[in-house]
Amino acid sequence: MDTWLYYEATHFTHKFCNPTDAASIDELGRVIGLSQGQRVLDIACGHAELLIRWIEQHGIAGVGVDLSPYTLPHAEKRRAARVPGADLRFEAKDAADFETDERFDVVSCIGASWIWNGWEGTLAAL
């Protein structure tokens, strides 16, 4: 069975692939003081709604990482429709294997702490 296909079927209509709502994400961006040009890394970005919203609202640049072969094509469509000229790229890979020398102002991993075996491992990895 293709686990990622099942995951996509159950999350296809969701803006966020977890129980978070848009108002909470918008408030989070305000509370942490996002501003023009800051760089955000979103681990397990799903359909990239968090990154796209923060680009629209705060002018951030971003990188989204996701392992599912189904989510990033949707993320690319959203990017093209809503923020076509944005500094936003996607990496199709297991976040546990993601390495970069880039620096980020904010790193998020919402709803996918399983990647590093729970919240303690996730905090250590991030």
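1. The buried residues of helix α4 are Thr71, Leu72, Ala75 and Arg78. Buried means under 20% relative accessible area, exposed over 50%, and partly exposed in between, with a 1.4 Å probe and protein chains only. These four residues cover an arc of only 115° around the axis, so they sit on the same side of α4. The arc is taken from the directions running from the helix axis to the C-beta atoms. On the other side of α4, Lys77, Ala80 and Ala81 are exposed.

2. This is a predicted model: local features need pLDDT of at least 70, side-chain atom pairs count only at pLDDT 80 or more, and totals for chains, interfaces and linings use all residues. Numbering runs from 1 along each chain as its sequence is written, and side-chain values use heavy atoms, without hydrogens and water.

3. Helix α4 spans residues 71-82, twelve in number. From first C-alpha to last it reaches 16 Å, close to the 16 Å expected at 1.5 Å a residue. The expected span is 1.5 Å times one less than the number of residues. Helices (H or I, at least four residues) and strands (E, at least two) are DSSP runs, numbered from the N terminus.

4. The sheet is open, with four strands in the order β3-β2-β1-β4 and parallel pairing. Its edge strands are β3 (88-92) and β4 (106-108), each pairing on one side only. The twist averages 15° from one strand to the next. Strands pair if DSSP finds at least two bridges between them. Strand β1 (residues 39-43) pairs with β4 over three bridges, in the parallel sense. Val40 stands opposite Val106 in β4.

5. Now the helix packing. Helix α3 (residues 49-58) lies across β1, β2 (61-66), β3 and β4, at about 160° to β1. Helix α4 also packs on the sheet, where it touches β2 and β3; its direction makes about 170° with that of β3. Contact means heavy atoms within 4.5 Å. Axes are lines fitted to C-alpha atoms, for helices over the stretch in contact, and angles run from 0 to 180 degrees between N-to-C directions.

6. The count comes to twelve salt bridges (a side-chain nitrogen of Lys or Arg within 4 Å of a carboxyl oxygen of Asp or Glu). Asp26 bridges to Arg53, with the closest N and O atoms 2.8 Å apart. The pair links distant parts of the chain, 27 residues apart: Asp26 in helix α2 (residues 22-31) and Arg53 in helix α3. Both Asp26 and Arg53 are buried. A salt-bridge network links Asp26, Glu49, Arg53, Glu56, Arg78 and Arg82.
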